[in-house]
Every structure is written in structure tokens, then in C-alpha cells.
Amino acid sequence: MEDSLSHGAYRCMAKQYAVFFLVLYTFLMGFVFLSYLYTLDISGSNKAPADDVIVLHKSSVVKYKDSSFDDGKLLVKISFHQPGKPAAVLEHYKSLKTGETLKKRCKKCALVSSSGQMLGSKLGKEIDSMPCVIRMNASPTQGYEEDVGKRTTVRVVCYMTAEPLAADSEQLLTQDGNRSLEKVLLFGLNTPNHKWALSKVESLIEQYKNTEFYSLDEVGEMESDLIFEKETGKRKYDTNTWLSTGWLTMLAALDMCEELHVYGMVYENYCQENPTSTVKYHYFQTWDNPTECDYYNSHENTVYIGGHRFITEKAIFARWAKMFNIHFHNPVWKPPEHNDKEPLDTPFVARQEEPKTLMVALFERVLRWSFGNFL
């Protein structure tokens, strides 16, 4: 009798597990289908469009209602860099309080990277002398004033940094002990799975009433992606590419500043020329690893789960330095002399992308959802 009951209990548990895995499978397949609907579809080409007006499926832009048509399409204006005229990205940063568009212009700016290159630079006074100082994510100034300065006008923040930004808000969002930071520009808050980050930011808005918080709208994020695709000839989504905060910050700075001074950002071949460099990835990290070059190289070459393309981004910035008034400091470097119409010579761009099977594509979507959206 006892054996019979035990056998029945095992069968019941087996059925429960079967139902659980069936539900899980159904959920994952539903996610794959929904992620397909929300995937940016330009024209089926592997290259970004040459024109500055594109047609998107309406499902690609959930909240953007302008220029909508009954056939389920949107006509969206996307601006790309032209010599002397940077892409108009600031118009896509909307106030989280009022919904108004960001209007900020500076004659001269300092863009301070978070790189370990800044340690020992003693450039703090020079940086603070600039009319506008732009910083990234949760990079601190306290304790590093001699090297990175203490003033901050604008801080560009990825949604993933919402937690540390909130945790260290007293240090990161105030200056001189009581004066609030002027503006915080955030990106990545539109994705449904990032509501936790939006909640953190909304709490900060209530706490720091004199600071203006802006969020990049969905078309602005697409514009950022398309600019990268136009420069590289590769689709961001298909190559599992994550654009860095440095990329978004550079785009905003070029639209904001007439003259841009960039501190602590290396050139594309720096790690190749300095293979034993021990410079830290971040100047404020208390441990020696990862080094900047180790981190850059690993992300540039990663394929499946995804990664930043730091080296490729630097190569693109070198192109832009010929088009705009950009100056690089510590290290000091000038863009190399080469034909800008030729493809970029970076590991990411030079890599031959192999055709993906259906199973690999589905696996990548699950990984991207699991590790990308929840980070």
C-alpha cells in the first residue's frame, strides 16, 4: 500500500514538472515571438540606410506617435553626422518631469572618461575651467579632484547604473555639499524590463528637485543604433552589440558643444601598441583587474551573449574628429590619416559573421533577454 502511494506521488510530481516545463517553454517561445515584433526592421538589408528618413514597423516604436499611418508604419526622421553638423540627438532627450525637449548648448566642453588613464593626470583644474563638464554613469569626483576635477554640468547615465546612482546620489548629484547637479541624461529606460531603473530615477527626481532628469526616447535610441550601423555596415542587433555609455555621451556632447575636449579616451590602436598596459578600466576601481585593454579586447571579440565594441567606437570617434572640433587629451592623439570611405579596420568590423541557424538565433534571443534586459 505504501509503495503504491509512493509511486502515485512520484507520478503526480512528474506531471507537475511536465506542466511547469511546458509553461516555461510556452513563455520563452512567446518572448521570442514578441522580441521579433519589437526588433528594428529597416529594409531587410544588412546595412543602415543612406537616407535620413526611414520607415519602421509601428511595433518597433511603442510610444512614439508622430507621423503614424493606418498601414501600421511610421515615418521617422533620423539625422546622421555631416561635416560640421552633428546628428541632432538632444531633441530626443525628454524631461521626466515636464516632457520638454532638452535644450543645452555650450561653447566649450570637457568630456571626462571613466578610464584609469585619468589617474595621475593632474588635469582637474583644466577640466574645471571648462564652461561645461560632462561625466559618465557613477564616476565619482570626490577623492579624485586633482586628476578629474570636481565640477559636473551634465552626467550621462545608462539604466544599468540607476542603482549605484541612487546609492551614491549625495556624492554624485550634488556639488560643494549643497548645490545640485544641473542635468542627468539617461538612456535605456523605455524597455519594459527596465521599469526597476525608472522607479529608482523617479525617486531621485523627488529627492533632487533642482536637478533636471531627461530620458532618451525610443526614436533617439534607434537613431543612436543606426548611426553605429551606418559607420560600421553591421546591424547592432544581429551582431549582439551593446553600445557603450561613451558612445551615447559622445553623441550628446557633439550636439551640445561647439568645441569638445575629451579626457582619458584612448585611440583605436592603443591596446595593440601597448599590449602589456596595466591601466585600470575605471580610475575609481579599487582592484587592479580588469585592465582597460583586457576589457576592451574581450568585448570587441565577443560573439554570442553580446558585448561593447569599444575599439570600433574609438575608430569612429577618430573619423568624427576630422568632421568636428574635437581634441583628445591624456593621451593626446590626433585622428590617423586614412580614407574615411574605406571600411573601419577593427576586429569587430573585419570579422566575418557566420549565418545563424534557427536554433542559434532562438538561443541568442533567450540569452539576450536573460542577460541583457535584466542586468
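**Strands, loops and a cavity**

E5 is mostly covered, as 5 of its 5 residues are buried. The model is a predicted one.

User: Which residues of E5 point the other way from Cys132, Ile134 and Met136?

Analyst: E5 has 5 of its 5 residues buried. Cys132, Ile134 and Met136 point one way from the strand, and the residues on both sides are buried. The residues that point the other way are Val133 and Arg135.

User: In E6, which residue is the bridge partner of Ile134?

Analyst: E5 also pairs with E6, in the parallel sense and over 3 bridges. Along this pairing, Met136 stands opposite Val156 in E6. For Ile134, the bridge partner in E6 is Val154.

User: Is strand E6 largely enclosed or open, and why?

Analyst: Strand E6 spans residues 154-158. Val154, Val156 and Cys158 point one way and Arg155 and Val157 the other, and all are buried. Because 5 of the 5 residues are buried, the rest of the structure leaves E6 largely enclosed.

User: Which residue of E9 does Val154 stand opposite?

Analyst: E6 pairs with strand E9, residues 183-187, in the parallel sense. That pairing has 5 bridges. The residue of E9 opposite Val154 is Lys183.

User: Is Ser139 buried or exposed?

Analyst: Ser139 sits in the loop between strand E5 (132-136) and helix H3 (145-148). Its relative accessibility is 3%, and the cut-off for a buried residue is under 20%. Ser139 therefore counts as buried.

User: With which side chain does the side chain of Ser139 make a polar contact?

Analyst: Leaving out residues up to four places away in sequence, Ser139 touches Ser114, Arg155, Leu172, Tyr283 and Phe284. Arg155 belongs to the residues of E6 that are buried. The polar contact of the Ser139 side chain, at 2.4 Å, is with the side chain of Ser114.

User: Is Gln142 buried or exposed?

Analyst: Gln142 is in the loop between E5 and H3. The relative accessible area of Gln142 is 53%, and a residue over 50% is exposed. Gln142 is therefore exposed.

User: What is the phi of Asn137, and where is the residue found?

Analyst: Most residues other than glycine have a negative phi. Asn137, found in the loop between E5 and H3, is buried at a relative accessible area of 18%. Although Asn137 is not a glycine, its phi is positive, at about 50 degrees.

User: Where is Pro290, and what is the omega of the peptide bond from Asn289?

Analyst: Pro290 lies in the loop between helix H9 (270-273) and helix H10 (292-301). Most peptide bonds are trans. The bond from Asn289 to Pro290 is cis, with omega near 5 degrees.

User: Which backbone oxygen does the side chain of His194 reach?

Analyst: His194 is located in the loop between E9 and helix H6 (195-207). Its relative accessible area is 4%, so His194 is buried. At 2.6 Å, its side chain reaches the backbone oxygen of Gly188.

User: Which elements give two or more residues to the lining of the largest cavity?

Analyst: The count is 1 cavity of 30 Å³ or more, and the largest cavity holds about 60 Å³ of space. Its lining includes Val89, Tyr93, Leu216 and Glu223. The elements that give two or more residues to this lining are helix H7 (218-232) and helix H8 (245-256).

User: How do the lining residues of the largest cavity divide by type?

Analyst: Among the lining residues are Gly220, Ser224, Leu248, Leu251 and Ala252. The lining divides into 6 nonpolar, 2 polar and 1 charged.

Terms used
Residues numbered from 1 in each chain as written. Predicted model: local features only at pLDDT ≥ 70, side-chain atom pairs only at ≥ 80, totals over all residues. Heavy atoms only, no water. Helix = DSSP H or I, 4+ residues; strand = E, 2+ residues; numbered from the N terminus. Buried < 20%, exposed > 50% of the residue type's maximum accessible area, 1.4 Å probe, protein only. Polar contact = N/O pair within 3.5 Å; in protein donor to acceptor, adjacent residues only side chain to side chain. Contact = heavy atoms within 4.5 Å. Pairing = 2+ DSSP bridges. 1 Å grid on protein atoms, 1.4 Å probe; cavity = no way out; pocket = protein on both sides within 12 Å on 5 of 7 lines; lining within 4 Å. Points joined across faces, edges and corners; volume = space filled by probe spheres on them. Nonpolar A, V, L, I, M, F, W, Y, C, P; charged D, E, K, R; others polar.
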